[in-house]
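Please read it with the structure open beside you.

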Amino acid sequence: MNILLVYPKMPYSFWSMDHLMKMYGKAYSYPPLGLLTVAAMLPGDWDKRLIDLNIGDELNDADLQWADYVLVSAMNVQEPSCKEIFQRCQQMGTKTIAGGPLFTHEFSRFPSVDHFVLNEAELTLPCFLEDLEKGCAKKIYASPDLANVHETPLPLWELADFDKYAYAVVQYSRGCPYMCDFCDVTVLFGRKPRTKTAAQMIAELEAFGDIDKFGMVVFADDNLMGNKKILKTELLPALIEWRKRNNIVVTFATQITINLADDPELMRLMIEAGFQNIFIGIETPDGKGLEACKKSQNLRRDMLDNVKLLHSAGFIITAGFIVGFDTDTTDIFQRQIDFIQDSGIVIAGVSVLKAPPGTELHARMKREGRLIEEFDFHESETNIIPVMDPEDLRVGYNRLLETIYSPENIFKRTQTFLKDYKSSCIEDSPSILKLKIGILARYAVIVARCVYYLGIVGKHRGHFWKLVGWALKHKPDLMDVALGYGVWIYDLGMIYENHTKLGRYNSHIAKIQAQEKPQAVLESA
Ligand code: B12
Ligand code: SF4
């Protein structure tokens with residue numbers, strides 16, 4: 001059996017990091033972990049090939065003729081690319097199998113797909129394979145249960161060309177104990193975090209060979225500390241030991257909740273284990289908004305203080321923010337700007353609130369007649385008729401982005417960050433020498449590229465040199481971090497500029513303006 005695994009194109013957006021990748025000389029950030037995990041669950045004697053449309057691979061007619069089945073995995077933002085792939089398969093008469101978060105909730109939008117293998121493949125794929133062998137494969141396979149991740153195999157990494165990707169990716173846990181009403185993680189993966197064993201994780205890391213060849217290893221968990229006890233007693237001690245034993249220098253990144261700042265021991269263990277970049281959903285500095293979306297862990301705390309504490313402990317925070325909560329008034333935009341600027345969070349992703357299918361928010365919006373079915377999942381779009389006047393939301397959101405993505409403000413945030421940040425992970429590392437030499441060797445070409453694109457031909461070269469000069473004078477030991485942020489100044493500036501030129505921001509909000517306001521909106525306004 002010939003199997004073509006196809007990973008659809010990600011759209012150009014804040015998270016696609018296109019300009020950053022160009023600077024790093026890589027085609028894309030991460031290899032497709034989900035699809036290659038599924039590949040490892042297929043019979044070993046089937047022939048398999050991977051086409052990742054994000055790294056310049058093309059889907060040729062010859063590939064489709066070769067394949068008995070095309071397997072596609074996708075999240076919601078990849079819908080347009082999925083539709084193109086399925087159309088090509090239909091034209092060529094190649095059978096298709098689809099799975100992953102997009103299809104688990106929205107399979108009905110893809111009528112031409114032959115088989116949907118939904119939810120977690122550990123549970124649904126064996127039934128499909130059994131029926132396929134018997135010649136009676138059904139259209140849809142789904143399961144209300146959650147998989148035992150101890151049985152999840154190592155991804156079939158040999159199908160991926162690691163040279164094309166900037167980062168390595170592993171997954172330790174699935175699920176999150178919280179219940180934020182806009183998030184579909186708990187719907188897809190449950191509230192009881194399921195963790196792999198420490199031995200599984202070491203094997204996943206070792207499967208990459210020389211892991212230090214990657215710029216970073218991402219733990220693709222929704223909330224690494226979902227099960228704090230096991231994390232502290234099993235995974236982190238094992239990672240610390242493994243790092244020391246193998247003199248590993250690459251750092252780890254993950255998603256986590258802000259209450260990490262409440263646990264000094266956990267912070268210390270994570271730093272020692274090599275965690276440096278963490279993504280936190282801060283969402284909003286407004287308590288009413290946090291209450292409305294049930295983000296309980298962000299309430300009753302000084303989030304600004306927490307951010308500063310985490311920076312000073314050696315973490316680099318990337319954070320998500322949301323505008324458009326029912327409780328938001330027009331002063332929210334300035335409050336978000338002030339928070340982001342004061343926090344020193346350089347990479348801040350701001351989205352308009354949207355209701356992913358399957359979430360509590362989606363159900364409420366449907367009940368209140370405030371849902372727009374056909375929409376694009378881009379961070380600037382929404383499928384909700386907001387309480388705030390849509391034009392105010394559009395103007396306020398654009399001003400927020402314009403302000404925080406301006407080179408001056410990114411520069412100021414970087415300064416704030418560098419003042420607060422203590423690079424304890426690097427200083428305490430027994431392999432400091434290797435790290436520095438490694439960084440110099442690996443980044444020599446990247447630095448040369450940065451200097452050329454940002455410092456010589458770049459439109460914002462003034463800010464770049466100002467940052468380099470400031471870092472040299474005040475934080476020479478953090479020069480690599482400062483240069484990294486120089487690239488982000490370029491990346492974020494380009495993204496904002498391109499989107500404005502393409503008229504991309506808020507096309508849906510503009511459409512919403514034309515709609516009549518539902519009763520629920522009139523009542524809450
Ligand atoms: C890593 C990751 C990313 C990476 C993707 C890199 C890559 N090449 O894969 C990056 C950082 C780029 C990313 C970005 C975004 N992401 Co993301 N991401 C994740 C994350 C944390 C892990 C994905 C992963 O690797 N999981 C591990 C694998 C093993 O699990 P899996 O892929 O789900 O696969 C299992 C099943 O789904 C199924 N399966 C999957 N594929 C297939 C295929 C077949 C044929 C079969 C049979 C089965 C099957 O079997 C697998 C084994 O059980 C998930 C959350 C999560 N817990 O999964 C969110 C998640 C996928 N992301 C999500 C979102 C919304 C985004 C963004 C849109 C965020 C935003 N607000 O802008 C952006 C979009 C980027 C863009 N350019 O616009 C949502 C998707 C929701 C949806 N309904 O589609 C998720 C679920 C998180 C969430 N709920 O918010 N993301
Ligand atoms: S903490 Fe994060 S992953 Fe957990 S439910 Fe809230 S948004 Fe989702």
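Predicted model: local features only at pLDDT ≥ 70, side-chain atom pairs only at ≥ 80, totals over all residues.

1. Where domain 1 touches domain 2. Nine residues of domain 1 contact eight residues of domain 2. On the domain 1 side, α1 (18-24) and α5 each supply at least two of the touching residues. That side of domain 1 has six nonpolar, two polar and one charged residues.

2. Ligand 1, nearest residues. Which residues come nearest to ligand 1? They are Gly 34, Ser 73, Gly 99, Gly 100 and Ala 121, out of 44 residues around the ligand. Start there when you inspect the site.

3. Ligand 1, elements and classes. Two or more shell residues come from each of α2 (33-39), β3 (69-73), β4 (95-99), α5 (101-106), α6 (121-134) and α7 (185-189). The element that gives the most is α2, with five residues. By class, the shell around ligand 1 has 26 nonpolar, 12 polar and six charged residues.

4. Ligand 2. The shell around ligand 2 includes three cysteines, Cys 176, Cys 180 and Cys 183. Also around ligand 2 are Tyr 178, Met 179, Val 185 and Thr 186. Asp 222, Asn 223, Thr 257 and Gly 281 complete the list. The classes are six nonpolar, four polar and one charged.

5. Helices α8 and α9. The axes of α8 (residues 198-206) and α9 (residues 228-246) come within 9 Å and cross at roughly 40 degrees. The two helices are therefore oblique to each other. The crossing of α8 past α9 is right-handed. From α8, Ala 198, Met 201 and Ile 202 meet Glu 234, Leu 235, Ala 238 and Trp 242 of α9. This contact has six nonpolar residues, no polar ones and one charged.

6. Helices α9 and α10. Helix α9 also packs with α10 (residues 264-273), at an angle of about 30 degrees and with the axes 8 Å apart. That angle makes α9 roughly parallel to α10. Here the crossing is left-handed. On the α9 side, the contact residues are Lys 228, Lys 232, Leu 236, Leu 239, Ile 240 and Arg 243. Their partners in α10 are Glu 265, Leu 266, Leu 269, Met 270, Glu 272 and Ala 273. The contact of α9 with α10 counts seven nonpolar, no polar and five charged residues.

7. Helices α13 and α15. Are α13 and α15 roughly parallel or roughly antiparallel? The axes of α13 (residues 332-343) and α15 (residues 390-404) come within 9 Å and cross at roughly 20 degrees. That makes the pair roughly parallel. The crossing of α13 past α15 is right-handed. Phe 333, Gln 336, Ile 337 and Ile 340 of α13 meet Gly 396, Arg 399, Leu 400, Thr 403 and Ile 404 of α15. By class, this contact has five nonpolar, three polar and one charged residues.

Definitions and conventions:
Residues numbered from 1 in each chain as written. Chains lettered and ligands numbered in written order. Near = placed C-beta within 6 Å. Helix = DSSP H or I, 4+ residues; strand = E, 2+ residues; numbered from the N terminus. Nonpolar A, V, L, I, M, F, W, Y, C, P; charged D, E, K, R; others polar. Axes fitted to C-alpha atoms, helices over the stretch in contact; angles between N-to-C directions. Parallel < 35°, antiparallel > 145°, perpendicular 65-115°, else oblique. Left-handed = near helix turned anticlockwise from the far one by under 90°. Contact = placed C-beta atoms within 7 Å.
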